[in-house]
Amino acid sequence: RIPQVLSSAEETAELYRELSRHPGLSAACLGPDVTTQYGGKYCSLYTEWSQRDLARAENVKFCRQYLIFHDGASIVYSGPAGTCSEIKDELLSRESPSGALKAVLRKVPGKEEKEKQFLEVWDQNRKVKSIDLTALEKHGSVYDDDQFGCLAWSHSETHLLYVAEKKRPKAESFFQSKAPEPGASDEDVGCPEKDVPLKGEQFVYYEDWGETLSTRSVPILCVLDIEGSSISVLEGIPEHLSPGQAFWSPGDTGVVFVGWWHEPFRLGLRYCTNRRTTGTPSRPARCWRSCRGRCGVSTTLGATQDGMLSGMLSTIALITGAFPGIYCGALPGLCWAADSRRLVLDTAQRSQQDVFVVDTVTGATTSLTADAPQGTWSVLTIDRDLLVASFSTPNCPPTLKVAVLPNAGQEAQARWVCLQDVPPVPGITWSIRTLRPPPEQEHPQYTGLDFDAILLRPSEGPAAQKPPLVVMPHGGPHTVSTAGWTLCPAALCRMGFAVLLVNYRGSLGFGQDSVASLPGNVGTQDVRDVQLCVERVLQEEMLDAGRVALVGGSHGGFLACHLIGQFPDTYHACVLRNPVVNIASMVTTTDIPDWCLTEIGLPYVPGALPDPAQWTEMLHRSPMRYLDRVRTPVLLMLGEDDRRVPPKQGLEYYHALKARGVTTRLLWYPGNGHALAGVEAEADGFMNTVLWLLKHLQC
């Protein structure tokens with residue numbers, strides 16, 4: 001008997017609307033300690049959340065505050081203070097070191113001109129400064145991204161440091177004429193002005209930093225003098241470097257920043273932590289975080305990455321034993337303990353994400369979540385050894401947790417307190433299983449590797465029913481699916497589908513050998529790992545082997561295309577989001593051409609053209625090689641503004657499938673990049689995915 005899967009479009013939309021209301025935590029800030037008349041201590045906790053608003057088709061930010069009473073060793077009491085309120089038009093915000101002031105970068109719609117940016121300073125009672133940065137014309141737009149952007153208070157709380165786009169010279173056509181200003185004399189007409197537009201410069205090309213950073217070209221460091229409301233652009237930065245993530249050195253004697261090399265040209269920077277910075281080419285810095293030691297000397301940590309393919313390994317942490325390494329995009333903005341020798345971070349550990357404390361003197365790493373529930377933990381901040389983190393699982397949306405960091409050597413005794421509990425979503429069970437490839441599929445150099453998969457199953461309905469299976473390999477390929485809350489898998493599972501998230505060899509969190517095993521083997525090793533996992537799960541679980549589908553984006557789409565070509569009898573429906581289908585045609589159009597060569601095991605040299613053998617190898621590794629074997633119905637979703645995997649890739653596959661009579665449909669999303677992360681695009685993509693699966697899996 002075929003089990004019942006939710007098949008009504010109206011009910012599916014209502015389910016998606018319900019689950020999309022669960023917000024995610026994005027930031028947290030602890031206020032200064034206040035001592036009560038009875039000797040107790042408490043502080044405020046300011047948190048920022050993000051939630052999809054389907055009616056407005058946008059992500060809305062809102063804030064919520066809490067009070068935390070503590071005795072320095074444990075949390076005595078904690079609870080919310082007031083209700084939520086929406087944060088409107090804030091791009092960046094940062095409290096001053098003392099907590100007495102707050103800086104806010106805000107966008108304000110212009111009446112007749114383009115959007116303006118204001119930098120505001122607030123005290124505890126009012127707005128004390130509002131500076132129109134656009135009107136001062138010292139620079140272009142201020143950066144609010146997490147790659148370059150910053151808003152850093154000086155220790156004296158008199159200056160603010162931020163990153164902005166360098167002001168571009170005005171330009172006009174060679175043939176543009178301009179009437180003289182009223183009252184101008186004959187001598188004035190034609191005299192050069194300081195801001196005279198440059199002739200013929202209006203179409204000059206400015207390189208940018210690729211996917212999600214297409215408006216970032218030439219970043220500069222700027223300092224705002226709050227009292228004088230004046231802006232200075234810092235000079236002396238080497239011409240070959242693009243600065244970002246800046247902060248003040250102790251005593252405000254200078255600034256520290258990460259500088260990305262942009263010679264000979266800019267490459268895509270998002271998710272590419274291998275890019276050369278002010279560190280050495282083989283060990284580029286991703287971020288820097290400072291602390292003030294007891295003697296007043298500043299120390300810094302550079303989280304680095306060995307080449308393109310490794311997880312991030314601390315330059316000062318001695319990684320030994322079974323600890324597989326540090327894999328995180330960036331350290332928390334505040335990550336140092338009060339003793340100035342330990343730092344706290346979160347990192348993937350196989351298919352989970354845990355919080356660790358690293359002793360920079362001994363090199364010891366200790367889990368702060370070893371005795372806590374399994375799932376995905378993310379550090380938001382630490383201040384005065386008060387830790388704030390978020391926690392989620394595949395069936396539980398993000399919750400807010402706090403703890404006091406124990407003394408050195410006693411970190412394992414950390415006890416987490418939940419500030420805002422969220423009940424698990426009913427009808428979903430999940431588990432992590434470990435698989436090992438058969439001997440004939442072992443890597444000849446990196447033997448003994450295994451990998452994981454996370455299986456979500458619907459827990460409602462008769463046990464004898466076999467639900468259909470949706471297989472979702474992650475992109476990257478050097479990323480990882482952790483056991484945390486993700487809207488699409490949860491919604492599919494609530495509808496009645498089982499969902500399989502495969503962390504094939506090459507995923508982060510499994511050690512450097514696993515990462516290094518994949519380059520040169522994409523299209524074979526990763527494909528076989530996913531297929532092995534699917535076959536094993538179908539054998540061991542009560543699932544319907546006649547109703548198996550693939551959903552994948554980017555490299556996950558690359559794998560899905562390979563799987564429906566190499567194993568056409570297994571899969572009965574396929575949904576692709578901005579998939580890589582032809583590496584040979586992608587290498588000349590993507591913002592990361594080095595990916596195309598490195599992942600197939602070839603060296604990348606800027607300016608060097610691939611030779612015929614390399615072109616052949618790129619095509620050989622691509623899903624297009626198996627195109628004539630595809631008969632699975634394919635739904636394609638493409639972002640018009642995708643710089644990472646340009647939409648020409650998906651169009652190439654679409655036309656090839658159409659020419660061969662394969663059932664296919666294409667959805668085109670203007671204004672969306674590689675992630676298809678726009679609220680409207682994401683919601684529409686989910687609904688069309690569901691309808692495609694229901695139709696071709698005959699649910």
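Predicted model: local features only at pLDDT ≥ 70, side-chain atom pairs only at ≥ 80, totals over all residues.
Local features are limited to pLDDT of at least 70 and side-chain atom pairs to pLDDT 80 or more, while totals for chains, interfaces and linings use all residues. Residues are numbered from 1 along each chain as its sequence is written, and side-chain values use heavy atoms, with hydrogens and water left out.

**The sheet**

Select strands E11, E12, E15 and E16, which form an open antiparallel sheet in that order. Strands here are DSSP runs of E with at least two residues, helices are runs of H or I with at least four, and both are numbered from the N terminus; two strands pair if DSSP finds at least two bridges between them. E11 (151-153) and E16 (230-233) are the edge strands; each has a single partner, so one side of each lacks a neighbour in the sheet. From one strand to the next the twist averages 25°.

Next, show E12 (residues 159-165) with E15 (residues 219-225), an antiparallel pair joined over seven bridges. Glu 165 has Pro 219 in E15 as its bridge partner.

**The helix pair**

Move to H5 (residues 525-540) and H6 (residues 555-566), whose axes are 10 Å apart and meet at an angle of about 70°. Axes are lines fitted to C-alpha atoms, for helices over the stretch in contact, and angles run from 0 to 180 degrees between N-to-C directions. H5 is therefore roughly perpendicular to H6, a label that covers 65 to 115 degrees.

At the contact (heavy atoms within 4.5 Å), select Asp 526, Val 527, Val 530 and Gln 531 of H5, which meet H6 residues including His 555, Phe 558 and Leu 559. The contact residues comprise five nonpolar, four polar and one charged. Nonpolar means Ala, Val, Leu, Ile, Met, Phe, Trp, Tyr, Cys or Pro; charged means Asp, Glu, Lys or Arg; the others, Gly among them, are polar.

**The cores**

A nonpolar core is a set of buried Ala, Val, Leu, Ile, Met, Phe, Trp, Tyr and Cys residues joined through side-chain atoms within 4.5 Å. Buried means under 20% relative accessible area, with a 1.4 Å probe and protein chains only. In the largest core, of 56 residues, Leu 469, Val 471, Leu 500, Val 534 and Tyr 653 touch the most other members. H5 gives the most to this core, seven residues. Among the contacts of Leu 469 beyond four places in sequence are Leu 455, Val 534 and Leu 538.

**Gln 349**

Finish at Gln 349 in strand E22 (residues 342-349). Gln 349 is buried, at 14% relative accessible area.

Methods: Parallel < 35°, antiparallel > 145°, perpendicular 65-115°, else oblique. Buried < 20%, exposed > 50% of the residue type's maximum accessible area, 1.4 Å probe, protein only.
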